[in-house]
Amino acid sequence: MEIVPTAGGGSRFSRTPVAKARNLGPVTGRELNSVGIYSLEQLRQLGWEEACLRWIRLFPGRLNRNAFSALLGALEDVDWRSLSPTQQLEVERLVHKLRGH
């Protein structure tokens with residue numbers, strides 16, 4: 001187990017730092033950490049849509065289908081390119097909504 005900081009400044013035990021989740025890596029991990037998401041468990045509690053909203057507030061360049069698919073894939077523990085058609089549609093809808101289409 002690793003100790004990961006929480007948004008409140010404390011720490012808690014976590015099995016999966018967000019940077020080690022499937023589809024994510026050190027750059028995405030640092031970005032998510034900067035918006036208060038440190039572990040896969042936190043990401044799961046928050047939900048992928050809310051996590052995406054927080055992420056793009058600080059990193060507007062992440063407002064794209066591939067980035068959002070990677071986050072959803074991390075939660076589902078599947079490769080982002082292997083999301084179901086329904087999940088792909090959910091991602092596409094959120095991207096379009098946030099772009100104002």
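The questions and answers below walk through this predicted model, from its overall layout to single residues.

Student: How are residues numbered, and what should I know about the model?
Tutor: Residues count from 1 along each chain as its sequence is written. The model is predicted, with local features needing pLDDT of at least 70 and side-chain atom pairs pLDDT 80 or more, while totals for chains, interfaces and linings use all residues, and side-chain values use heavy atoms, without hydrogens and water.

Student: In what order do the elements of the chain run from the N terminus?
Tutor: Helices (H or I, at least four residues) and strands (E, at least two) are DSSP runs, numbered from the N terminus. The chain has 5 helices and 2 strands. From the N terminus on, the order is β-β-α-α-α-α-α.

Student: What percentage of the chain is buried?
Tutor: Buried means under 20% relative accessible area, exposed means over 50%, and partly exposed lies in between (1.4 Å probe, protein chains only). The chain has 101 residues, and the buried share of them is 40%.

Student: Which element gives the largest share of the largest nonpolar core?
Tutor: A nonpolar core is a set of buried Ala, Val, Leu, Ile, Met, Phe, Trp, Tyr and Cys residues joined through side-chain atoms within 4.5 Å. The largest core has 25 residues, and L24, L43, W48, F68 and L71 touch the most other members. Two or more residues come from each of α2 (40–46), α3 (48–58), α4 and α5. The largest share, 7 residues, comes from α4.

Student: Is α4 oblique or parallel to α5?
Tutor: Axes are lines fitted to C-alpha atoms, for helices over the stretch in contact, and angles run from 0 to 180 degrees between N-to-C directions. Helix α4 (residues 65–76) and helix α5 (residues 85–99) pack at about 135 degrees, with axes 10 Å apart. Angles under 35 degrees count as roughly parallel, over 145 as roughly antiparallel, 65 to 115 as roughly perpendicular and the rest as oblique. So α4 is, relative to α5, oblique.

Student: How many charged residues are in the contact of α4 with α5?
Tutor: Contact means heavy atoms within 4.5 Å. R65, F68, S69, L72 and E76 in α4 meet Q87, V91, E92, L94, V95 and L98 in α5. Ala, Val, Leu, Ile, Met, Phe, Trp, Tyr, Cys and Pro count as nonpolar, Asp, Glu, Lys and Arg as charged, and the others, Gly among them, as polar. By class there are 6 nonpolar and 2 polar residues, and the charged number 3.

Student: What is the handedness of the crossing of α3 and α5?
Tutor: These helices pack at an angle of about 35 degrees, with axes 12 Å apart. A crossing is left-handed if the near helix is turned anticlockwise from the far one by less than a right angle, and right-handed if clockwise. The crossing of α3 and α5 is right-handed.

Student: How many nonpolar residues does the contact of α3 with α5 have?
Tutor: W48, E49, C52, L53 and I56 of α3 meet E90, V91, L94 and L98 of α5. No polar residues take part, 2 are charged, and the nonpolar number 7.

Student: Which residues does W48 contact beyond four places in sequence?
Tutor: W48 is one of the core residues that touch the most other members. Beyond its sequence neighbours, W48 contacts F68, L71, L72, L75, E90, V91 and L94.

Student: How far apart are the C-alpha atoms of L83 and S69?
Tutor: S69 sits in α4, and L83 sits in the loop between α4 and α5. S69 is buried because its relative accessibility is 5%, and L83 is buried at 3%. L83 touches S69, along with L72, G73, V78, Q88 and V91.

Student: How far is A74 from V18 in space?
Tutor: A74 is in α4 and counts as buried, at 3% relative accessibility. A74 touches A21, R22, N23, L24 and L40, leaving out residues up to four places away. A74 and V18 are 56 residues apart in sequence, yet C-alpha to C-alpha the distance is 8.8 Å.

Student: What is the relative accessible area of W55?
Tutor: W55 lies in helix α3. Among the residues W55 touches are T28, L32, A67 and L71. W55 is buried, with a relative accessible area of 1%.
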